[in-house]
Amino acid sequence: MINLSINNLPVRVKKGSTILQAADKIGIRIPTLCHLELDCFTIENRMGSCRICVVEVEGRNNLAPACCTPVNEGMVVKTSTLRAINARRTMLDLILSDHPKDCLTCEKNGNCELQRLASEMDLHHLLYEGRQSKYDIDLACNAIVRDLDKCIMCRRCENACNNVQTVGILSGVGRGFEAVVGTPGLRPLSETKCVFCGQCVAACPVGALTEQNYKYNVWRALNNEKKHVVVQTAPAVRVAIGEEFGMAPGEIATGKLVAGLKLLGFDKVFDTDFAADLTIMEETTEFIDRLKKNENLPILTSCCPGWVKFLEHQFPELIYMPSSAKSPQQMFGAVAKSYYAEKMGLKPEDIVVVSVMPCLAKKYEASRSEFTRDGVPDVDIVISTRELADMFKEAGIHINKLEEQQFDSPLGESTGAGVIFGASGGVLEAALRTAADWLSGEDLKEFDFEEVRGLSGIRDTTVKVAGTDVKVAIASGLGNARKLLDRIKSGKAQYHAIEIMACPGGCLNGGGQPYIHGDTKILEKRKEAIYKADSGLSLRKSHQNPDVIKLYDEYLDKPGSKKAHELLHTHYTPRKNW
Amino acid sequence: MSCHCDEQKPQELNLIEEFPDKRKKLEEYIQSLDIGNNREKNRGLLIQSLHKAQDIFGYLPLCVQLFVADKLKLHLSEVYGVISFYSYFTDKPVGKYKIHVCTGTACFVKGAGAVLDEFKRYLNLEVGETSADRKFSLNSLRCVGACSLAPVVMVNDKVYGKVTAKMVPDIINECA
Amino acid sequence: MFDNIDKLSQRARELRAPTKQPIKVMVSMGTCGIAAGATPVLAALQKEIAERNLESSVKLVETGCMGLCYCEPSIEIENTQTGKSIIYGNVKPGDAPVIVKNLDGAAVGVDTVNRTWYYPELEEPGEQQLQARIVLRNSGRVNPERLDDYVANNGYQALGKVLTEMSARAVIDEILASGLRGRGGGGFPTGKKWEFAANQESDVKYLICNADEGDPGAFMDRAVLEGDPHSVLEAMAIAGYAIGAHEGYIYIRAEYPLAIKRLRIAIEQAENAGLLGKNILGSDFDFHIELKYGAGAFVCGEETALIHSIEGKRGEPTFKPPYPAISGLWGKPTIVNNVETFANITAIIRLGAAWFRRIGTEKSPGTKVFALAGKIKRVGLIEVPMGTALRDIIFNLGGGIYNDKEFKAVQTGGPSGGALPASQLDTPIDYDSLKALGSMMGSGGMIVMDEDDCMVNIAKFFLEFTLDESCGKCTPCRIGNTRLFEMLEQICEGNGTEETLTKLKTLALTIKDTALCGLGQTSPNPVLSTLSNFADEYQSHVKDKRCLAGVCTKLISYVINDQCVGCTLCARNCPVQCIAGERKEQHVIDQDKCIKCGVCYNTCKFHAIDRI
Ligand SMILES: Cc1cc2nc3c(=O)[nH]c(=O)nc-3n(C[C@H](O)[C@H](O)[C@H](O)COP(=O)(O)O)c2cc1C
Ligand code: SF4
Ligand code: SF4
Ligand code: SF4
Ligand code: SF4
Ligand code: SF4
Ligand code: SF4
Ligand code: SF4
Ligand code: SF4
Ligand code: FES
Ligand code: FES
Ligand code: FES
């Protein structure tokens, strides 16, 4: 342990702590901008580049960046001397001198760490002005917008993309004033191996990286008399959207969310969880088949489009491994525009399927050509949790004040197995619940596979499924996925089933979720909420979902049938590794 | 919502396919390096490989970057990030005559600024540009260590010392 | 193959034995010498010697350089029997006959040059000998491409001593006792650095020689590497032994092809001779050296950036701690030392710390090599004891100001240093005095400026350099220096105000206080030092909108007065043809078209053009 003093208060911290951490311990918040720590994933961006966190340390001739200066025994730190405060204000002033200051029309307005700092430091007038960086805005893909004029060079995105996700398309480019974070040749993301996981967006403190925003498309659809507009909401949305409306992190907002969506004017409000149950039916069938034949193992889950694209680019040789089952979002779209359309007597092209997703990759997924039939996409518009919250706000809907409502039928019923899709390990657990019942032919009472839950990057374990040992592994975050795949490729490990989610922690930490600004306790709460939602339900196994059973009876025959394959399965294509 | 997300082919000339002999030379060089399983150690071979590649091809267009990235098992972004950082590397074609005006301190105080301005004016090029006929590229550089001859201009490997603005047309005319 | 130290000493004795060729003709063949035309001189001398059948008594040696850049090509003729030597400068191929004819005396009509240096290892200083050569002891005297030449001059004796007689600890103690401070700029005690690294427990440690020499106008490391590469290799092996490293890298800038070539040759020779590689001199110590190339980035001289560059990354510095000695190359304990630092090591080991401390000052023992350039008569390399006064260097060794103009300032420490005015010329040069004046020792570049230089413009030049070379990582350097530069631009264009000056100073001080690495922390030095030493020049730019040195083009114009006799010379020379006038009539300059290049001003022989 190390003893030091900060602003004349004694502090005792672990060796290796930084001044920032020590100050935090006694309730002093030193402002930061480039620093980002996600402790539960041991992810840290410690660039020391913005210099907004400088403090005075006795005996040092220059100021010390609190975020990366380790504490020493007997260190004397002053965080609020005039010298430190002036230096910080100058740093902010300089950053703003190379910044568009478009807050009022900025996607990040109200959620921006730079804006918040400016408000806290209250500069009143800016001293410095001069040349500003100018880059083309990258609007070419339908998931992410990159407006580098707003970039402050914190490198948090680079860390997310290269170190956490190991997708590796971002790098510092150029140097000096011309330095910027960019793709090779500053090409648009759409021409790279970006998987649109949106982890860079989640990391960006400012409005340089944001989602492609489709709110207005939804407004237009909702106001089009000729269209029948249905909405599906993903499992992870309900445990996060409340944060935007003053609900405590971890408060489950399912009923209020449904009520809000109805108020917005959707013709039907459905649940992606229904489709998640459907996914389990198909995927588990395929899994049991492969397991029995002992071929093409392990089976990899395929419901995360970010992960699928990662595999297509960087591990094309393993392309046979993922389950051919579509993701819940796409299954939902396919069923909505076939079974549901027929049931309602509507033409597929007259239905607009809107998805609310915690995810930016889902925007891209919906636009993949595999998911279009006769020129009609299965899913028309994808908005993120954040975009939906914005729509509610624009419409003056404070969901926290609404009476809870139920999802509509027939695509609204779901089980606990569908809910847990939102957390890392959930898809696998849902599949195991069904596989165990099917293999044993019983309705087993023990189906909480606690060992596959958690936020840690890679978990592997052997679970008993109807008496047989099934070796499973779970990875969340593509860097962890890469480690796992390397292990499989080299033959160092053998598994039967693997779940991979692109985002660290799974969809609850998706690139489209409300920003957490480094507060990982929020993620823990979201995770707890998901499992609480699951355990609160009476039906917790996908194959027991009555609407799913009805869908097979009325339309699809049985899991793995020809019709099911036509509608609910897909294929993968190797892509360039750059 | 339409999909724009499928990767596009690079529009540039593919030097790697165009010049198999050069490709072979580069390939042999990289293979002669001690490439192992340690990704980080392989990365240590990047800069020398890029030096070699630029020696062979004259510049480092996308196809060459991809080739090097692939051989060293690195991400393209890692290669591009490096190329864009070091002023020695360029991903743009260069002229037959590479004019470098030293703008190091010694040359600056002896009037390199006026010499550079005159080259810019005379060739109608900015620093870092190449003439449309690919004959001349104009660049500045920081000290070749021949400060006694300041101001110094290098055209390819030839050093001109004690250059004045007046000498500029002659130097250019010497490039037959 | 030297598999023990005795064989090496034996060989050295053989090589030192009187030869049949008592006369040595040494031709300075550094980059600068070659650029100035040393190659044809060498050929002419060779031809002349052959024609006179003198090959048996005269040995022609291609050496690195003596540092006499101002009079390259230069040669030295030494009679090893009498010990007499003579140096010629500005040698032309046509001088070869008279030189070879008068090998003992002075060749008439060829410039002779005084030797202003002595070799503390061999002799006591004479009257004129302000220079003491330790680092440059072999440069200009040995053929850098021949291992034998180095061996004959006590080469690899220090390494032999270390491997046979000294423990690693003893080596470090010797270096600590010598008080040697890093010559790369910071002046950190070398022994301490080694001690840190030696104390780290690690399976692998690395040693790096910093040969990036990025400071423009500084070329002493180049001269050492071109002129005496083995001394650096030997010192690296010694350092490796001291800290427990078996792998060394020399990070050298790609702009130095000749130094690279000579290093390659030297490494190969040393490996073949058992002086590098496995089981050096028959001991169980292994040490390998590999070359790594820079690619044009000044910031890569900063040690963390340099390490990233060797790792194949962008040369962006990272925050210290952790220091490289704890976690450096590939996360292993690493020490980085400058070329010149290494070039001191072998002498210290051979002759002892006490000997070394006799030269220089108490706090900065030893010598320092400086590269004199700019508006000085004798541009070149000098090596002086620490503590020598600036005035001695500039006016004595440097011969004073070029064209006998007025001295204005000397910039030490390159873009990180400061401009010292005439009033500070009596400063003894060492790390601490220079720092106290707001400048830096830096790597040893010294750029002299005269009355024709505008100090605001000079500050702007250095900032432009910094901007160009900044890695762009941190706010104060990326944006702050851009703003400083823009303010200087305003001042030079006549748009500055008193407030600009205040802002300039405040921001410069904040950048020093906040920047991440040494580049940013020192980049405002040229601004701050000129602001305080040449305040009047800033004032005249800001208040009177005048550039007294006549440099800032926006603040000057050229006008033809009635002295003009209409000779048309200026009109013919104006690059934009904006001077009009009939022959024998007064000419006029079209002010709208004039680009203020000053050509007319310098060509008119009748003082008919005013710069106002
Ligand atoms: C911007 C910058 C550039 C530098 N350039 C050089 C250089 O070209 N050569 C050098 O030896 N040291 C350079 N240094 C100093 C090195 O970081 C390092 O301190 C030095 O190599 C250590 O060697 P020494 O202890 O032997 O001096 C530079 C430092 C900075 C901050
Ligand atoms: S990024 Fe932040 S500070 Fe910049 S314009 Fe947007 S909201 Fe304002
Ligand atoms: S904060 Fe100020 S500038 Fe912004 S909207 Fe409100 S009043 Fe206008
Ligand atoms: S979306 Fe994901 S893959 Fe794409 S740039 Fe961002 S972090 Fe990288
Ligand atoms: S894009 Fe955002 S996250 Fe990336 S460096 Fe810029 S400001 Fe930081
Ligand atoms: S983990 Fe979830 S949120 Fe993240 S990319 Fe995959 S599907 Fe989208
Ligand atoms: S001070 Fe300049 S060179 Fe150093 S890290 Fe900051 S931006 Fe890079
Ligand atoms: S200063 Fe140059 S451009 Fe102007 S008149 Fe004189 S020669 Fe011509
Ligand atoms: S050179 Fe001088 S004298 Fe001759 S025309 Fe020009 S101004 Fe007149
Ligand atoms: S938060 Fe510490 S330097 Fe940016
Ligand atoms: S500054 Fe131009 S050669 Fe050194
Ligand atoms: S003579 Fe070689 S450095 Fe000048």
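This is a predicted model: local features need pLDDT of at least 70, side-chain atom pairs count only at pLDDT 80 or more; totals for chains, interfaces and linings use all residues.

Colleague: Start with chain B. How many helices and strands are there in it?

Modeller: Chain B has nine helices and four strands. Going from the N terminus, the order is α-α-α-α-α-α-β-α-α-β-β-β-α.

Colleague: And what does the C-alpha trace of chain B span along its principal axes?

Modeller: About 55 × 45 × 35 Å.

Colleague: OK, ligands. Which residues surround ligand 6?

Modeller: These come from chain A: A:Cys304, A:Pro305, A:Cys359, A:Lys362, A:Met501, A:Ala502, A:Cys503, A:Cys507 and A:Gly510. Sorted by class, that shell has seven nonpolar, one polar and one charged residues.

Colleague: What about ligand 2, which residues are around that?

Modeller: Around ligand 2 you'll find A:His99, A:Asp102, A:Cys103, A:Cys106, A:Asn109, A:Cys112, A:Leu114, A:Val206 and A:Gly207.

Colleague: Switching to helices. At what angle do α2 of chain A and α19 of chain C pack?

Modeller: Helix α2 (residues 82-97) of chain A packs against helix α19 (residues 498-514) of chain C at about 105°, and the axes are 10 Å apart. Therefore α2(A) and α19(C) count as roughly perpendicular.

Colleague: Which residues meet there?

Modeller: From α2(A) it's A:Arg83, A:Ala87, A:Thr90, A:Met91 and A:Leu94, and they meet C:Leu507, C:Thr510, C:Asp513 and C:Thr514 of α19(C). By class, that contact of α2(A) with α19(C) divides into four nonpolar, three polar and two charged residues.

Colleague: Now within chain A: how do the axes of α10 and α17 cross?

Modeller: Helix α10 (residues 328-344) of chain A and helix α17 (residues 546-556) of chain A cross at roughly 75°, and their axes come within 12 Å. So α10(A) and α17(A) are roughly perpendicular to each other.

Colleague: Who's touching whom in that pair?

Modeller: A:Val335, A:Ser338, A:Tyr339, A:Glu342 and A:Lys343 on the α10(A) side meet A:Lys550, A:Leu551, A:Glu554 and A:Tyr555 on the α17(A) side. The contact of α10(A) with α17(A) has four nonpolar, one polar and four charged residues.

Colleague: And in chain C, at what angle do α6 and α13 pack?

Modeller: About 55° between helix α6 (residues 157-165) of chain C and helix α13 (residues 339-351) of chain C, with the axes 8 Å apart. That angle makes α6(C) oblique to α13(C).

Colleague: Left-handed or right-handed crossing, for α6(C) passing α13(C)?

Modeller: Left-handed. The residues that meet are C:Gln157, C:Ala158, C:Lys161 and C:Val162 from α6(C), and C:Thr346, C:Ile349 and C:Arg350 from α13(C). The contact of α6(C) with α13(C) has three nonpolar, two polar and two charged residues.

Colleague: Where do C:Tyr249 and C:Trp330 lie in chain C?

Modeller: C:Tyr249 lies in strand β9 (residues 247-252), while C:Trp330 is in the loop between α12 (303-310) and β11 (334-338), so this pair ties together parts that are 81 residues apart in sequence.

Note on methods: Residues are numbered from 1 along each chain as its sequence is written. Chains are lettered from A and ligands numbered from 1 in the order in which they are written. Side-chain values use heavy atoms; hydrogens and water are left out. A residue is near a molecule or strand if one of its heavy atoms lies within 4 Å of it. Ala, Val, Leu, Ile, Met, Phe, Trp, Tyr, Cys and Pro count as nonpolar, Asp, Glu, Lys and Arg as charged, and the others, Gly among them, as polar. Axes are lines fitted to C-alpha atoms, for helices over the stretch in contact, and angles run from 0 to 180 degrees between N-to-C directions. Helices (H or I, at least four residues) and strands (E, at least two) are DSSP runs, numbered from the N terminus. Angles under 35 degrees count as roughly parallel, over 145 as roughly antiparallel, 65 to 115 as roughly perpendicular and the rest as oblique. A crossing is left-handed if the near helix is turned anticlockwise from the far one by less than a right angle, and right-handed if clockwise. Contact means heavy atoms within 4.5 Å.
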